[in-house]
Amino acid sequence: MKGENYIKLEFPSRSVNEGFARAAAAAFAAQLDPTLDELGDIKTAVSEAVTNCIVHAYPDSLGRITMRLRILDGDTLEISVKDAGVGIPDVAKAREPLFTTGGEERSGMGFTIMESFTDRLGVRSRPGRGTTVTMRRRIARRGK
């Protein structure tokens, strides 16, 4: 899929930046004229991906989060959230509902939520090198 438009943002893994990432993704996605429900789904998926970086990738320190958004042919939004943190030793296990490394206060539903609010979810990770989560969401064309 050829990209039609894109942005790249980089920010520290501070919890206040989760809201910024949500707003930036929504603003960028607006060019596809999404419904409020579609916009809410995008914001929720971005929130989960960025929160995973903050909580799991950099549990004891600040690190860098890179978020890339692209508009692809076919009215598809691609969102990539990348960290250079601790990585995930077993991605398949981490994608299981209720699995968490974040303690009792974490639900372990991050990947499940991302998957349910997007059309496609990919997770690549290397222990000690970081994780990249890539999500795609097609935005339905509306009659004009």
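## Exercises on a predicted model

Leaving out neighbours within four places in sequence, Ile-79 is in contact with Ile-42, Val-46, Met-67, Arg-68, Leu-69, Val-133, Thr-134 and Met-135. The model you are exploring is predicted. Let's work through it together.

**Exercise 1.** Find out which residues of the largest nonpolar core touch the most other members, and which helix gives the most to this core.

*Solution.* 
- Step 1: Start with the core, which holds 36 residues.
- Step 2: Look for the members that touch the most others: they are Met-67, Leu-77 and Ile-79.
- Step 3: Now turn to the helices. Helix α2, residues 36-57, gives the most to this core, with nine residues.
- Step 4: Return to Ile-79, whose contacts include Met-67.

As background, nonpolar side chains tend to be buried together in soluble globular proteins.

**Exercise 2.** Decide whether Lys-82 counts as buried, partly exposed or exposed, then list what Lys-82 touches.

*Solution.* 
- Step 1: Take its relative accessibility, 45%. Buried means under 20% and exposed means over 50%, so Lys-82 at 45% counts as partly exposed.
- Step 2: Set aside residues up to four places away in sequence; Lys-82 then touches Arg-64, Ile-65, Thr-66, Thr-131 and Thr-132.
- Step 3: Compare sequence and space for Cys-53: Lys-82 and Cys-53 are 29 residues apart in sequence, and their C-alpha atoms are 7.9 Å apart.

**Exercise 3.** Explore the salt bridges: how many are there, and which parts of the chain does the pair Arg-64 and Glu-10 tie together?

*Solution.* 
- Step 1: The count comes to five salt bridges.
- Step 2: One of them joins Arg-64 to Glu-10, with the closest N and O atoms 3.7 Å apart. Arg-64 lies in strand β2 (residues 64-72) and Glu-10 in strand β1 (residues 3-12), so the pair ties together parts that are 54 residues apart in sequence.
- Step 3: Check accessibility: Arg-64 is partly exposed at 47%, while Glu-10 is exposed at 52%.

**Exercise 4.** Are Asp-41 and Arg-137 buried or exposed, and which residues are linked in a network with Arg-136?

*Solution.* 
- Step 1: The side chains of Asp-41 and Arg-137 meet in a salt bridge, 2.9 Å from N to O. This pair links helix α2 with strand β5 (residues 130-138), 96 residues apart.
- Step 2: Asp-41 and Arg-137 are both buried.
- Step 3: Arg-136 and Glu-78 meet in a salt bridge too, at 2.8 Å from N to O. Arg-136 lies in strand β5 and Glu-78 in strand β3, so the pair ties together parts 58 residues apart in sequence.
- Step 4: Arg-136 and Glu-78 are buried, and salt bridges link Arg-70, Glu-78 and Arg-136 in a network.

Note on methods
Residues numbered from 1 in each chain as written. Predicted model: local features only at pLDDT ≥ 70, side-chain atom pairs only at ≥ 80, totals over all residues. Heavy atoms only, no water. Core = buried A, V, L, I, M, F, W, Y, C linked by side-chain atoms within 4.5 Å. Buried < 20%, exposed > 50% of the residue type's maximum accessible area, 1.4 Å probe, protein only. Helix = DSSP H or I, 4+ residues; strand = E, 2+ residues; numbered from the N terminus. Contact = heavy atoms within 4.5 Å. Salt bridge = Lys/Arg side-chain N within 4 Å of Asp/Glu carboxyl O.
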